[in-house]
Amino acid sequence: EPICVWTVPPMEAGTPVMIAAHAGRITAVVGANGSGKSALGYWLQQNAAGAQVKRLIAHRRLWFEHAGPNLTSADRVTALQNMSAWSSQPESRWLDHANPQRAGVVIFDLLAKVNERNARLAALHDDGATSEEIEREVEPSLLVRVNSILREAHLDVELVLTEQATFDAVSSSRGARYPISQMSDGEKSALLLASEVITGPLNSVQIVDEPERHLHRSISAGLIEAIVAERPDCHFVVLTHDLELAASLPHRSTQLAV
């Protein structure tokens, strides 16, 4: 049973294209700059027939000022309400009103889910649960999952949580540890993309516009494949102008051209 099914009208005279969004699969949309990929992503989001859709825009901001969330819980609620309203506007195809808050929301959600999981683990331990019971009841840490994605993308960096409830990046080959705010653009791009997808809603459609932006080709394909493997409950729509990236996606992907 697909998460949703779209019937995309043709740009000119022609046959409509049907896209079925099945969990664990990828729809790759390939086209040159200016061919309408972002417009298609917007259309898919607005015509998902009630399915939960998360659209990761191509012009997403990479940098953040702090190594931890710069939002309060109230700020996050307001930011998500605004982002939901802004994403429904046609101009969201090229203009991100939420640019200042977007990275902060991603880091907030990552930390919140790590803390919530740790709290459940501690409660089970305090109640005398055995290690087998804890392992059965508590899923792997999101940090473990994010770090696995980064390794699969051939990035020599992993995240650790500090005592100050911020995140550091650790590079084993360079022997360096530094706040995530000091990561390279490529590292930040991979971190934010992985974190935003992995904290997204269950059984949703994830529309990723230009995942290759700020990433070397040797990284982008492995990153997308690892992210999809971590979210088998989701369907992914990958909008790209990189033919090699599209060709390197897992065999369970469907290729469309615009």
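Mentor: Gladly! On a 1 Å grid over the protein atoms alone, a cavity is a set of points where a 1.4 Å probe fits but cannot get out, and its lining residues have an atom within 4 Å of a point. Grid points are joined across faces, edges and corners, and a volume is the space filled by probe spheres set on the points. This is a predicted model, where local features need pLDDT of at least 70, side-chain atom pairs count only at pLDDT 80 or more, and totals for chains, interfaces and linings use all residues. Residues are numbered from 1 along each chain as its sequence is written, and side-chain values use heavy atoms, leaving out hydrogens and water.

Trainee: How many cavities of 30 Å³ or more does the structure hold?

Mentor: Rolling a probe the size of a water molecule over the atoms shows where empty space is left. Here there are two cavities of 30 Å³ or more.

Trainee: Which residues line the largest cavity?

Mentor: They are Arg60, Arg61, Arg102, Ala103, Val106, Leu192 and Glu196. Helix 3 (99–126) gives the most, with three residues; helices are DSSP runs (H or I, at least four residues), as are strands (E, at least two), numbered from the N terminus.

Trainee: Now the strands: which residues cover the two faces of strand 9?

Mentor: In a regular strand the side chains alternate between the two faces of the sheet. On one side of strand 9 are His235, Val237 and Leu239, on the other Phe236, Val238 and Thr240, and all are buried (under 20% relative accessible area, with a 1.4 Å probe and protein chains only).

Trainee: In which sense do strand 3 and strand 9 pair?

Mentor: Strands pair if DSSP finds at least two bridges between them. Strand 3 (residues 26–30) joins strand 9 in the parallel sense over five bridges, with isoleucine 26 partnering phenylalanine 236. Strand 8 (residues 205–209) also pairs with strand 9 in the parallel sense over five bridges, and isoleucine 207 stands opposite valine 237.

Terms used
1 Å grid on protein atoms, 1.4 Å probe; cavity = no way out; pocket = protein on both sides within 12 Å on 5 of 7 lines; lining within 4 Å. Buried < 20%, exposed > 50% of the residue type's maximum accessible area, 1.4 Å probe, protein only.
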